[in-house]
Amino acid sequence: MNMLFTKKQKLLLQIFVALITFLTLLSGITFGVMFALTRNISESNSIGEYHPSLPSQILDIHGNLITEFFSDEKREIIPIDELPRHLIQALITREDREFFQHNGFSLKGIIRAAWKIMTRQYVSGGSTITQQVAGKHYADRSQKTIKRKIVELWWALQLEKTLSKYEILELYLNESYFGHNTYGVEAASQFYFRHSARDLTIAESAILVIQLANPARYSPIKYPARARVIQKEVINQMVDLNYITREEAELSFNEYWNKTYDPLRSSSETAYLVKDDKAPYFSEYIRQELEDILYGSLDYFRDGLVVHTTLDLKYQQKADKYMQDGFISMNKTYLENAGTRTNFADKEFLPIVEALALFFDLDSIRSAGSQDKKLAYDNYYEVVNPAINALSFLFDSSDLRFISRMGQANQAGKIKR
């Protein structure tokens, strides 16, 4: 019987049998898990409800934003109908081209992902957008197991029954991590491009959707060359799918890299580090007050509070200007006084140093040129001035004490300079 099959045919037969066995096991496990999960079916009543971390806004007396309080997640919810169509098209192109045709899962994707899990290969793709949303809410996506895939599949089916396609997309875009401490497409757009996601261009949309796969690798701030290559691929694929024209693609791509992209931006920048605060000391006072008032009840870093205060930012800005002018004036006065002290030292200390050098025959502190003068000063500060200070206390001499203190002050000034 073995003679009837070649080695290649036997290998194909073994693969076919293994695949049939796997699909049979997968079907059995799937239905078993589905029946087991029916005891938790009450959870399906809350499908689509989510409570993401939202920053708390601190407002002045006129409702102007002073700052926001957030810990590790910078997020702002935006409705799906306010986002540009090409963002949705870029997302579908990159993540799930059959999103509007399937019922929550792709059989090809599931088989491919399961095979990679069984053969311990790198697992990527395979999950539809619906499965990714389901996995975030109801499974541990850090686990690379068949069980996790089955749980994702079950809840993906429930999501598709409960929500519309655009509601699922809204969940996905508002929850996903886009790198640099930004969660949700609006916060990501504000961070990367300094404007709302409502105003995203085609090229900017492509940049954002490639962050979903691996923001650490494709960050346009850290790795612009990598991001540019993948961005171009997505835009070209959008052209091939007739979402945009070739002219639109080229115009948006060139405009992004020639006008929008900032090559001087710090690669270590994150949403948290660039937090704008128009009154930092006042904000810290408010934070401490909230800490006391809300202790044990609400979390002002995550619960999206809106805090109205009595501060008027117009007056705050004027006060900041007065303070800045005052610091400039103080620095100018200090520098002028420092120059006066230096002149005083040249006039008063140098003759004393010269006299001491001649009287005690101390060549080390005798000054002639500029270099010798510096050495003389150094020796005076280190050797002579401490002795004068001691003599001022021994003889209770206010004149010696004054000279000693001026010497100490001038030495300190030279060290700082």
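Of the 417 residues of the chain, 40% count as buried, where buried means under 20% relative accessible area, exposed over 50% and partly exposed in between, with a 1.4 Å probe and protein chains only. The model is a predicted one, in which local features need pLDDT of at least 70 and side-chain atom pairs count only at pLDDT 80 or more, whereas totals for chains, interfaces and linings use all residues. Residues are numbered from 1 along each chain as its sequence is written, and side-chain values use heavy atoms, with hydrogens and water left out.

The chain holds 15 helices and three strands; helices (H or I, at least four residues) and strands (E, at least two) are DSSP runs numbered from the N terminus. The accessible surface comes to about 24,900 Å², and 57% of that area belongs to carbon and sulfur atoms. Accessible areas come from the Shrake-Rupley method with a 1.4 Å probe, and for residues only the protein chains shown count as cover. Among contacts between residues at least 6 apart in sequence, 65% join residues at least 24 apart, contact being defined as heavy atoms within 4.5 Å.

The three strands form an open sheet with the order β2-β1-β3 and mixed pairing. Because β2 and β3 stand at the edges with a single partner strand each, one side of each is left without a neighbour in the sheet. Direction ignored, neighbouring strands of this sheet are turned by 20 degrees against each other on average. Helix α12 (residues 280–293) packs on the sheet and touches β1, β2 and β3, its direction making about 50 degrees with that of β2. Axes are lines fitted to C-alpha atoms, for helices over the stretch in contact, and angles run from 0 to 180 degrees between N-to-C directions.

Strand β1 (residues 56–59) pairs with strand β2 (residues 65–69) in the antiparallel sense over four bridges; two strands are taken to pair if DSSP finds at least two bridges between them. Leu-59 has Leu-65 as its bridge partner in β2. The hairpin of β1 and β2 has five residues between the strands, and Gly-63 in this hairpin takes a positive phi near 85 degrees. With strand β3 (residues 306–308), β1 runs parallel and is joined by three bridges. In this pairing Gln-57 stands opposite Val-306, and Ile-58 has Val-307 as its bridge partner.

Helix α2 is largely enclosed by the rest of the structure, because eight of its 11 residues are buried. The buried residues of α2 are His-86, Leu-87, Ile-88, Gln-89, Ala-90, Leu-91, Ile-92 and Thr-93. Their cover includes α4 (129–138), α6, α7 (185–193), α8 (202–211) and α10 (224–240).

The axes of α2 (residues 85–95) and α6 (residues 165–175) come within 12 Å and cross at roughly 85 degrees. On the α2 side the contact is made by Arg-85, Leu-87, Ile-88, Leu-91, Ile-92 and Glu-95, and on the α6 side by Tyr-166, Leu-169, Tyr-172 and Leu-173. These residues divide into eight nonpolar, no polar and two charged, with Ala, Val, Leu, Ile, Met, Phe, Trp, Tyr, Cys and Pro counted as nonpolar, Asp, Glu, Lys and Arg as charged, and the others, Gly among them, as polar.

The loop between α7 and α8 contains Arg-194 and Ser-196. Arg-194 is exposed, with a relative accessible area of 52%, whereas Ser-196 is buried, with a relative accessible area of 13%. Leaving aside neighbours within four places in sequence, Ser-196 is in contact with Ile-78, Glu-186, Ser-189 and Gln-190.

Most residues other than glycine have a negative phi. Arg-194, however, has a positive phi near 65 degrees. Asn-242, in the loop between α10 and α11 (246–260), likewise has a positive phi near 65 degrees and counts as exposed at 69% relative accessibility. Within helix α11 lies Glu-248, which is partly exposed, with a relative accessible area of 39%. The C-alpha atoms of Glu-248 and Ala-203 are separated by 9.7 Å, the two residues being 45 residues apart along the chain.
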